[in-house]
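Try each task by eye before you read its solution.

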Amino acid sequence: MIEIDGSMLEGGGSIIRISVGFAALTGEPLRVYNIRAKRRNPGLREQHLEGIRAVARMCEGRLEGDWLGSTEIRFYPGKVRGGRYKVKIRTAGNITLVLQPLMIASLASDKPIEIEFEGGATDAPLAPPVDYLKNVTFRLLERIGYKCSIRCLRRGHYPKGGAIAVARLEPCEELLPLSCVHRGEVLEISGISHCVRLPHHVAERQATEAKKRLLQAGLDSRIRVETYPPEKDPHIAPGSGIVLWANCESGIIGSSSLGEKGKPAERVGQEAAQQLLDELSTGMAIDRHLTDQLIPYLALAEGPSEIGSSELTLHTLTNIELAKRFLGADFQVEGGLRRPAILRVKGKPLRLYKA
């Protein structure tokens with residue numbers, strides 16, 4: 001049994017998500033203790049529970065200690081099976097985070113897996129928005145051989161949630177190594193600015209201000225505005241946000257910002273644009289959020305990978321430690337915490353876990 005201290009390094013929910021995903025993939029029994037010990041409200045929250053329970057259903061595994069507020073779980077995985085699964089989230093927990101362990105576990109399946117999400121958020125603080133997942137994360141994963149998609153039928157925003165989405169994870173025989181250090185030239189900047197249950201001009205103002213800030217830095221952009229006529233708006237509560245991504249010669253750099261009550265739409269657009277410019281200024285090919293998301297997959301690639309990250313975060317270091325524990329992957333990190341870094345990875349090929 002692999003034992004993981006949930007208070008190590010980042011000490012948050014990603015430890016339980018990534019650990020359970022790795023356990024289902026490798027077939028290794030797992031114990032995680034001190035879950036989210038560094039958080040103000042330690043223990044499992046609704047979104048963590050729904051994610052790990054869905055993984056357990058997917059592999060016909062057994063969970064112990066899976067209750068709200070629990071600080072320790074044991075997980076005895078079975079064989080991951082393809083098919084269609086349903087995940088219901090009763091809070092505004094973010095769907096993109098709930099999906100993380102499912103994406104790792106699904107690598108063990110030889111058939112497609114579909115996950116229907118009901119409830120939760122597609123756009124919430126401290127989590128990648130669904131448009132970032134589709135246009136940044138999934139595009140890089142497809143480049144190394146893992147094809148994922150998600151259809152957002154209804155957005156959900158904090159604090160109400162209420163999203164409806166369907167994710168599809170295709171079978172993957174092998175993951176290719178990735179060499180993506182310096183970004184090179186910016187080829188194109190695109191984006192999506194949206195609002196729901198709000199006037200159309202909110203999304204327009206977000207997009208206009210983002211374009212203006214990027215143009216001041218000498219960069220053109222194409223930002224699509226997504227809104228809904230009041231009589232056809234299916235969403236249960238108001239919300240807005242913007243996601244930007246820069247397609248570069250090597251890599252994709254993403255950024256985002258969310259609207260909130262009392263926050264001007266112009267500031268939302270400015271934040272996303274400035275965040276993108278800050279990421280681009282490092283010259284690295286992978287933004288700080290995508291870096292930690294890629295770690296599990298690079299640790300399963302057929303050969304050595306090398307990536308340049310705009311910022312080394314505790315989330316990335318935590319995922320590196322988990323990949324070492326579960327897979328015996330070898331990592332070399334050149335650079336310091338909260339600074340640009342180059343990561344070199346030599347892992348254990350995915351085929352070893354698909355027998």
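This is a predicted model: local features need pLDDT of at least 70, side-chain atom pairs count only at pLDDT 80 or more; totals for chains, interfaces and linings use all residues.

Residues are numbered from 1 along each chain as its sequence is written, and side-chain values use heavy atoms, with hydrogens and water left out.

**Exercise 1.** Work out how the chain as a whole is built.

Solution. Start with the secondary structure: 8 helices and 16 strands (DSSP runs, H or I of at least four residues for helices, E of at least two for strands, numbered from the N terminus). Next, check burial: 57% of the 355 residues are buried (under 20% relative accessible area, with exposed over 50% and partly exposed in between, 1.4 Å probe, protein chains only). Finally, the C-alpha trace spans about 55 × 45 × 40 Å along its principal axes.

**Exercise 2.** Find the strands that pair with β4 and sort the faces of β4.

Solution. First take β2 (residues 30-33), which runs antiparallel to β4 with 4 bridges; pairing takes at least two DSSP bridges. Here Y33 partners E72. Then β3 (residues 62-64) joins β4 over 3 bridges, also antiparallel, and R62 sits opposite Y76. Last, the faces of β4 (residues 72-76): I73 and F75 are covered, while E72, R74 and Y76 lie on the uncovered side.

**Exercise 3.** Is L314 buried, partly exposed or exposed?

Solution. Locate L314 in helix α8 (residues 314-327). Its relative accessibility is 31%, so L314 counts as partly exposed.
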